[in-house]
Amino acid sequence: MRIQYFIKSWLASLLIACLLLSTQVSAADTPVADDFAQLLVQLSSGSFAEKEQTIGTLAALDDPRVLDTLNYLLQGDLYTRKEDERVVYGKKVDDGILIVDILSGDEFGIVGSREVKKIGINNNLRNLLNNEIAKLSLSSPKASVRLNAV
């Protein structure tokens, strides 16, 4: 009797371990839920050559936030908030820079220029951004975006 109880307990533990492992493997096989967030981090911290690759990867994503993000970058309105390295959209106002989280759209308020760092681009990146923005705009599912692209 005691041996049967031990075997049943061992089999139940083995079954639970197998279920947990299969869940972890299937989660690893699926793409990360938010590649966009990872690419934003790469965009804010890479060299110009790395930014070029990241822009190409961003443009290939099927994410509605990409077009706005690339436009912000081209216009010089994409920043990294220094306190937590979060990528934000920044609009200059009288008192400083009004920042908005790119991922969530949450407004963080007005900060001083020393609290954020602009994500820089060079002329090669400007050309690439113009091309990618044009492609994304022309292939947009929204008619108004396609019309504005022409």
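Helix H2 and helix H4 meet through Phe-36, Leu-40 and Leu-43 on the H2 side and Arg-65, Val-66, Thr-69 and Leu-73 on the H4 side. Sorted by type, the residues of this contact are five nonpolar, one polar and one charged. Keep in mind as you explore that this is a predicted model.

**How H2 and H4 lie together**

- The axes of H2 and H4 come within 12 Å and cross at roughly 10°.
- Angles under 35 degrees count as roughly parallel, so H2 and H4 are roughly parallel to each other.

**The nonpolar cores**

- In soluble globular proteins, nonpolar side chains tend to be buried together.
- Here the largest nonpolar core holds 23 residues. Ile-55, Leu-58, Leu-70, Leu-73, Leu-78, Ile-102 and Leu-129 are the ones with the most contacts inside this core.
- Five elements each supply at least two residues of the core: helices H2 (35-45), H3 (48-60), H4 (65-75) and H5 (123-138), together with strand E2 (86-93).
- H5 gives the most, with five residues.
- Another core, of six residues, lies apart from the largest one, and its members include Tyr-79, Val-88, Ile-99 and Val-116.

**Salt bridges**

- Side chains of opposite charge can pair when their charged atoms come close.
- Across the whole structure, a search finds five salt bridges.
- Asp-84 takes part in a salt bridge with Arg-81, at 2.5 Å from N to O, and in another with Arg-86, at 3.9 Å from N to O.
- How exposed are these partners? Arg-81 is buried, with a relative accessible area of 12%. Asp-84 is partly exposed at 36% relative accessibility, and Arg-86 is partly exposed at 32%.
- In helix H5, Lys-135 and Glu-132 are three residues apart, which means about one helical turn separates them.
- Lys-135 and Glu-132 form a salt bridge, with their closest N and O atoms 3.7 Å apart. Glu-132 is buried, at a relative accessible area of 12%.
- Through shared partners, salt bridges join Arg-81, Asp-84, Arg-86 and Asp-101 into one network.

Technical notes: Residues are numbered from 1 along each chain as its sequence is written. This is a predicted model: local features need pLDDT of at least 70, side-chain atom pairs count only at pLDDT 80 or more; totals for chains, interfaces and linings use all residues. Side-chain values use heavy atoms; hydrogens and water are left out. A nonpolar core is a set of buried Ala, Val, Leu, Ile, Met, Phe, Trp, Tyr and Cys residues joined through side-chain atoms within 4.5 Å. Buried means under 20% relative accessible area, exposed over 50%, partly exposed in between (1.4 Å probe, protein chains only). Helices (H or I, at least four residues) and strands (E, at least two) are DSSP runs, numbered from the N terminus. Axes are lines fitted to C-alpha atoms, for helices over the stretch in contact, and angles run from 0 to 180 degrees between N-to-C directions. Angles under 35 degrees count as roughly parallel, over 145 as roughly antiparallel, 65 to 115 as roughly perpendicular and the rest as oblique. Contact means heavy atoms within 4.5 Å. Ala, Val, Leu, Ile, Met, Phe, Trp, Tyr, Cys and Pro count as nonpolar, Asp, Glu, Lys and Arg as charged, and the others, Gly among them, as polar. A salt bridge is a side-chain nitrogen of Lys or Arg within 4 Å of a carboxyl oxygen of Asp or Glu.
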